[in-house]
Amino acid sequence: MIRTVHASDIGRVRSVNEDSVWVGATRHGYTLGIIADGMGGHQAGDIASKLALNDMKCKLDSLQPDTSDDGLREAISAAILEANDTVFKEASSDEKYHNMGTTVVAVLLKGSAGYIGHIGDSRAYKVKEGIATQLTEDHTLVNELFKNGQISLEELEHHPRRNVLTRALGTDAETKVELTAVALDPGEVLLLCSDGLSNFVSTEHLGKVAGILEITLEERADRLLQLALLAGGGDNISVAMLEHQEEASVPEAKGWDL
């Protein structure tokens with residue numbers, strides 16, 4: 001069984017929450033999770049992230065039963081690319097939305113396995129026994145510099161331009177989706193988040209909190225938000241968590257999105 005929860009907070013600095021987040025079940029029983037972190041002035045980022053999320057939800061909600069693994073991969077890629085078209089056309093049609101865009105990280109599971117699709121620097125981690133492993137690679141300027149050996153890992157983590165994206169959804173007529181296969185064993189958690197969490201909470205702490213199996217997913221998600229707020233809350237903070245749980249091990253709780 002896949003249990004899910006999502007949570008978001010405006011943070012301590014921003015006047016608008018430009019993140020959009022959702023996780024739950026589609027009409028035919030697939031598990032879908034999406035986080036979009038919008039960008040652009042005059043609340044355009046808020047519009048971009050909502051457009052992308054709603055477009056993807058609508059498209060993937062109609063995914064038919066018994067879709068093959070290749071079909072899942074194609075479906076999540078197509079949904080993200082269609083959302084890119086939607087956001088780009090909206091931005092092109094109204095001057096106040098000029099250059100708006102959004103990151104996106106999304107997962108589509110059939111049972112406990114499926115695919116992650118992402119553009120930008122919102123991330124996916126797999127958490128096993130309290131250890132988080134990053135599954136996605138940031139599409140950022142500093143990550144390119146790091147891969148090319150021009151800056152160190154420490155410089156990457158503290159670089160003043162670490163939020164400059166090399167790829168986003170909706171800013172160009174065409175973009176490329178990064179796809180990653182994922183499978184969850186019992187007790188493992190898939191954590192999606194915006195950079196408002198990953199920039200303020202270390203990978204070590206993400207894993208430790210997300211891996212506390214003795215408390216509910218809702219409690220774990222709230223603890224992660226609180227950690228980011230305690231670290232300054234300098235951005236909008238969003239998290240979605242998907243846990244492969246055995247039926248008998250599910251603690252009683254309210255507030256899960258199933």
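Buried residues are those under 20% relative accessible area, exposed ones are over 50%, and partly exposed ones lie in between (1.4 Å probe, protein chains only). The model shown is predicted, so local features need pLDDT of at least 70 and side-chain atom pairs count only at pLDDT 80 or more, while totals for chains, interfaces and linings use all residues. Residues are numbered from 1 along each chain as its sequence is written, and side-chain values use heavy atoms, with hydrogens and water left out.

View 1. Helices (H or I, at least four residues) and strands (E, at least two) are DSSP runs, numbered from the N terminus. Helix H2 spans residues 69-93 and has 25 residues. From first C-alpha to last, H2 reaches 37 Å, close to the 36 Å expected at 1.5 Å a residue; the expected span is 1.5 Å times one less than the number of residues. Gly-71, Leu-72, Ile-76, Ser-77 and Val-87 are among the buried residues of H2. The buried residues of H2 pack against helix H1 (44-61) and strands E4 (101-102), E5 (104-110), E6 (113-119) and E9 (178-183), contact meaning heavy atoms within 4.5 Å.

**View 2. Ser-77 within H2.** Ser-77 is found in helix H2 and counts as buried because its relative accessibility is 15%. Leaving aside residues up to four places away in sequence, Ser-77 touches Val-177 and Leu-179.

**View 3. Ala-132 in strand E8.** Strand E8 (residues 131-134) contains Ala-132, which counts as buried at 13% relative accessibility. Its contacts, not counting residues up to four places away in sequence, are Tyr-125, Lys-126, Val-127, Thr-203 and Gly-207.

**View 4. The pairing of helices H6 and H7.** The axes of H6 (residues 203-210) and H7 (residues 217-230) come within 9 Å and cross at roughly 155 degrees. Axes are lines fitted to C-alpha atoms, for helices over the stretch in contact, with angles from 0 to 180 degrees between N-to-C directions. H6 and H7 are therefore roughly antiparallel to each other, a term for angles over 145 degrees, whereas those under 35 count as roughly parallel, 65 to 115 as roughly perpendicular and the rest as oblique. At this contact, His-205, Leu-206, Val-209 and Ala-210 in H6 meet Arg-220, Arg-223, Leu-224 and Leu-227 in H7.
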